[in-house]
Amino acid sequence: MSCIFIELGNVNRNILSNAAQNALASGVRRMFELAKKYPDAINLTLGEPGFITPKHIIEAGMRSLEAGKTKYTPNAGIKPLRDAIAYKLEKENGIRCDPDKNLIVTAGATQALMLAMVTLVNPGDEVILQGPNWPDYMGQIEMVNAKAVYARVDEKNGFKMTADIIEPLITEKTKLIIINSPSNPTGGVLDEEDLLGIAALVKKYKLFIISDEPYERLVYDGFRQKSLAAIEGMEDYVLTVNSFSKTYAMTGFRVGYICANEKITENLIKLHENMVASVPEPMQMAAVEAIYNGEHDVKEMVEYYDRNRHLIVDGLNAIRGFSCHEPKGAFYVFPSIGGFGMTSNEAAEYILEKTHVVTAPGNAFGPLGEGYIRICYASKYEDIAEALRRMREAFGTK
Ligand SMILES: Cc1ncc(COP(=O)(O)O)c(C=O)c1O
């Protein structure tokens, strides 16, 4: 816990909220700072597509800006984008939704998740999520004064958060479950059978569930990600969260959305007004273009990531100290660093020092991430090849 005191008159006051005091320092940011002293550092930490947003998507945003679309937009998002999202959800995910009742456009999935938490969770409630997990979930749960309950996922089971590991964690305080498939940081995916198990659980205990799906299109080996909300009877329980960031290399546009039950959506819209009011129209028009005309780009990017995936998995598995599970989705590998005989912090620092390759320590992804590091393979193929060459040279091959 970190406190900041300031003097007001002769009174010393702690100015920070509990959420700020309890906020975890980012383990990824720490590695960034350490990497600054190496001009030749190769940074494989950030979950950022290695591509610039496709030109036609940028141009759609520019046209909107040039047409003077510089004002506030409706809280729920502009109608053309809600229509486009409803079309996409039905066509690709099998989720039927009314664009006027079940959808809200948000500032990326990050704000979508925060908004969902603020709308559903009270102080003292419990939120079940997988561990290791995307770090922002922990910060957001902290911000609503709720308690994170971690479902330990296991590499041997493809890092899947299945119903059998969730059920023992459910108490009368459980309000929400978060699933994330494909997952950051593990790249693990839930298949239809896993989702059916979770659906049965949610129905049995009458719980809300967020299905955070920003990596749904980044899948490999013919796997197709199914949406929990498409399972019969699930539409009232599930808040489907998605984003344009990863699928279309649009992280800087900050556009995402939630599809949920009508009553929940009404309240999401109310609280969204207090949080960001609305998402800029040019960014929303770029997202419309992405949905209707971005398919070709997605295919090209996924092919590129897939090539990187093979390179990194095979490469790491040949290097002493690492053991790397082959992820089925997203653009991360989460190799075990057991062979180094170090904590994840020590291993990430050691790798940086010896090779100038920047990786994220597993403990940055929650208490259950220890023993691993995360590497993002969305960057240039040549950079990944060079990072592997340096690691082979430094640590030797098996
Ligand atoms: C699992 C997960 N959910 C949500 C997000 C948020 O994405 P954005 O806010 O860019 O849409 C990220 C970003 O890294 C993520 O990894």
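Where is Asn145 found? Asn145 sits in the loop between H6 and strand S6 (147–152), helices (H or I, at least four residues) and strands (E, at least two) being DSSP runs numbered from the N terminus. Asn145 has a positive phi of about 55° although it is not a glycine.

This is a predicted model, in which local features need pLDDT of at least 70 and side-chain atom pairs count only at pLDDT 80 or more, while totals for chains, interfaces and linings use all residues. Residues are numbered from 1 along each chain as its sequence is written.

**Overall form**

The secondary structure of the chain comes to 13 helices and 14 strands. For 398 residues a compact globule would have a radius of gyration near 21 Å, and the chain, with 21 Å, agrees with this; the radius is taken over C-alpha atoms, and the globule rule is 2.2 Å times the number of residues to the power 0.38. Taken along the principal axes, the C-alpha atoms of the chain fill a box of roughly 60 × 60 × 50 Å.

**Backbone exceptions**

Most residues other than glycine have a negative phi, and most peptide bonds are trans. A cis peptide bond joins Gly131 and Pro132, with omega about 5°, and Pro132 has its place in the loop between strand S5 (126–131) and helix H6 (135–143). A cis peptide bond also joins Asn184 and Pro185, where omega is about 20°, and Pro185 lies in the loop between strand S7 (174–179) and helix H8 (192–205).

**Helix packing**

Two packed helices are described by the angle between their axes and the distance between the axes. Here the axes are lines fitted to C-alpha atoms, for helices over the stretch in contact, and angles run from 0 to 180 degrees between N-to-C directions.

| Helix pair | Angle | Axis distance |
|---|---|---|
| H4 (residues 79–93) and H10 (residues 281–293) | about 30° | 9 Å |
| H11 (residues 295–317) and H13 (residues 381–395) | about 0° | 10 Å |
| H2 (residues 27–35) and H12 (residues 344–355) | about 25° | 11 Å |

The angle between H4 and H10 makes H4 roughly parallel to H10, where angles under 35 degrees count as roughly parallel, over 145 as roughly antiparallel, 65 to 115 as roughly perpendicular and the rest as oblique. The crossing of H4 and H10 is left-handed, a term used if the near helix is turned anticlockwise from the far one by less than a right angle, with right-handed used if clockwise. Pro80, Leu81, Ala84, Ile85 and Lys88 of H4 make the contact with Gln284, Ala287, Val288, Ile291 and Tyr292 of H10, two residues being in contact if their C-beta atoms, placed from the backbone, lie within 7 Å. By class, the residues of this contact of H4 with H10 divide into eight nonpolar, one polar and one charged; Ala, Val, Leu, Ile, Met, Phe, Trp, Tyr, Cys and Pro count as nonpolar, Asp, Glu, Lys and Arg as charged, and the others, Gly among them, as polar.

H11 is roughly parallel to H13. The contact involves Arg307, Asn308, Leu311, Ile312 and Gly315 of H11 and Tyr381, Ile384, Ala385 and Leu388 of H13, and the residues of the contact of H11 with H13 divide into six nonpolar, two polar and one charged.

H2 and H12 are likewise roughly parallel to each other, and the crossing of H2 and H12 is right-handed. Met31, Leu34 and Ala35 of H2 meet Ala348, Glu349 and Leu352 of H12 in the contact, which has five nonpolar, no polar and one charged residues.

**Ligand surroundings**

Of the 13 residues around the ligand, Gly108, Ala109, Thr110, Ser243 and Ser245 come nearest, a residue being near if its C-beta atom, placed from the backbone, lies within 6 Å of the molecule. Helix H5 (residues 108–120) provides the largest share of this shell, three residues. The residues of the shell divide into three nonpolar, nine polar and one charged.
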